[in-house]
Amino acid sequence: MGVTRFVALSILLFLVLILFPEAEAKTRRYKWEVKYEYKSPDCFQKMVITINGRTPGPSIIAEEGDTVIVELTNGLLTENVAIHWHGIRQMGTPWFDGTEGVTQCPILPGETFTYEFKVDRPGTYLYHAHYGMQREAGLYGSIRVAVGSGKTEPFAYDYDRSIILTDWYHNTTYEQALGLSSIPFDWVGEPQSLLIQGKGRYNCSLVSSPHACNSNSTQCSPYVLTVVPGKTYRLRVSSLTALSALSFQIEGHNMTVVEADGHFVEPFVVNNLFIYSGETYSVLVKTDQEPSRNYWVTTTVVSRNNTVTPPGLAVFNYYPNHPKRSPPTDPPAGPAWNDVQRRINQSRAVKAHRDYVVPPPLTSDRVILMLNTQNEINGYRRWSVNNVSFNLPHTPYLIAIKENISGVFDQTPPPDYFDLQNYDIYTKHNNSNATSSNSIYRLKFNTTVDIVLQNANTMVVNNSETHPWHLHGHDFWVLGYGEGKFNISSDPGKYNLVNPILKNTVPLHSYGWTALRFRSDNPGVWAFHCHIESHFYMGMGVVFEEGVERLGKLPSSIMGCGKSKGLLGSRP
């Protein structure tokens, strides 16, 4: 009788666990200190911004629905800081988006600031500095959000790994910013190295001082990804380059693309993955090659005629081969830097998985055309949108709008369009009518907005650069890419309204256009900008406001700069 009862109770417990799986969200707590340290990620020693002594910083590992709390102490001594949680929409917490000048005041030296937000959906995301150009000084890391308990993904794998790709400069961000802000203009140039998970290798023979560059440093030994033969690996590949568009490749292995910016992709196979700053992808790789040897992992620069930055190299180490055993072959050469069509074709191949399609609205309430140009304003080289170069105010927009603080930013909205019919995108223009402004776009809440990004020639003859555009606080449907000038009469009829992918970062290809659609349904103030560090620093961005009046009381922790100083004494 006792045995029968035990069996019955066991079956009942089993059914309860199956029918009502544990789904309670957890709180993930992190305590970080940001500070400068001397590091040699590519063998060349320089000042690097670290988190708890590391760059890349610690990974945030969570499950959808969890709350993440990061207690961040600024140990930079003489420099402010802010961290953006790239791809996290901050639904209900726009003040923790981490964008200095837009959603918060910067964190002062010696201060501790607490970010708290919910990761509301699974996927591959990032975090990085959003103050000045600190991201390229090493302040970045990965966020990995698993599917909730009882849920599945539309693909199977044995192991899960994350890799962040970056480029690396030897000059400090201060030296670069000074050059960008000078007359005559002093461009930052091409990066000295490409890093794979924070590791690269510079040719130390090019450096006169042996103390500045040490090729024997363990800090610049190649990154090693050890794999077991006969398995399937999910590689979460992300890019946080300061300038470079990249091709990522694993010698002898194809990759199946299954996720982009937190959304499942209708799978397709590539030999190399084109990836732009701010993008994240998951690819499946089968370790089905000859197991007695190791293989190269390579990154190369595309979209720029770069002859000075060597490829980034890592080792795809088949266990039990020694991880320091070099592959017996030369690293595979990357694709041609100027093969634009091949890159556009891959962009177009990224579509929503057939079982996870979120249909976009069939029409939009507002269309904003954004011409991307390079300009000179009062002798300074700038980037502009519709001939307006963006500047941040001293008081964050979110605080100014919610608290009705006047005199913070220009109230004249930026233009929704440019002279589409007459502007020649293939000609070098002086764009002498360009202006600087900190004005913003005010969006009607819960409406559908189309953005058409249009590329053009820079202030260099026969040159049009690739721009990865990132939207804070939202995902957008990628409706289409096109070559040449956008035709407002015929091109919207070619939009993909059937299975467009949702993303938060998207490339604008050379001399082409990219069309996006999103819903203004997340109350807050949100940046939309080119993710190339120097381009955003030079004014290539805009800001959207939507539904701020729907927000509750702002936390006092985000205040204390500009005209928000006076609010601190009047708040509990």
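**Note on the cores and strands of this predicted model**

1. The largest nonpolar core holds 65 residues, and those with the most contacts inside it are Phe248, Phe316, Met370, Ile451, Phe528 and Phe544. A nonpolar core here is a set of buried Ala, Val, Leu, Ile, Met, Phe, Trp, Tyr and Cys residues joined through side-chain atoms within 4.5 Å, where buried means under 20% relative accessible area, exposed over 50% and partly exposed in between (1.4 Å probe, protein chains only). Apart from this core lies another, of 52 residues, among them Val34, Ala62, Val102 and Ile401.

2. This is a predicted model, in which local features need pLDDT of at least 70 and side-chain atom pairs count only at pLDDT 80 or more, while totals for chains, interfaces and linings use all residues. Residues are numbered from 1 along each chain as its sequence is written, and side-chain values use heavy atoms, with hydrogens and water left out.

3. Leaving aside neighbours within four places in sequence, Phe544 is in contact (heavy atoms within 4.5 Å) with residues including Ile368, Met370, Tyr441, Ile451, Trp526 and Phe528.

4. Strand E31 (residues 524-530) and strand E32 (residues 541-546) pair in the antiparallel sense over six bridges, and Val525 stands opposite Glu545 in E32. Strands (E, at least two residues) and helices (H or I, at least four) are DSSP runs numbered from the N terminus, and two strands pair if DSSP finds at least two bridges between them.

5. Strand E1 (residues 27-39) and E2 also pair in the antiparallel sense over six bridges, with Ile49 in E2 as the bridge partner of Tyr36. Five of the six residues of strand E2 (residues 46-51) are buried.
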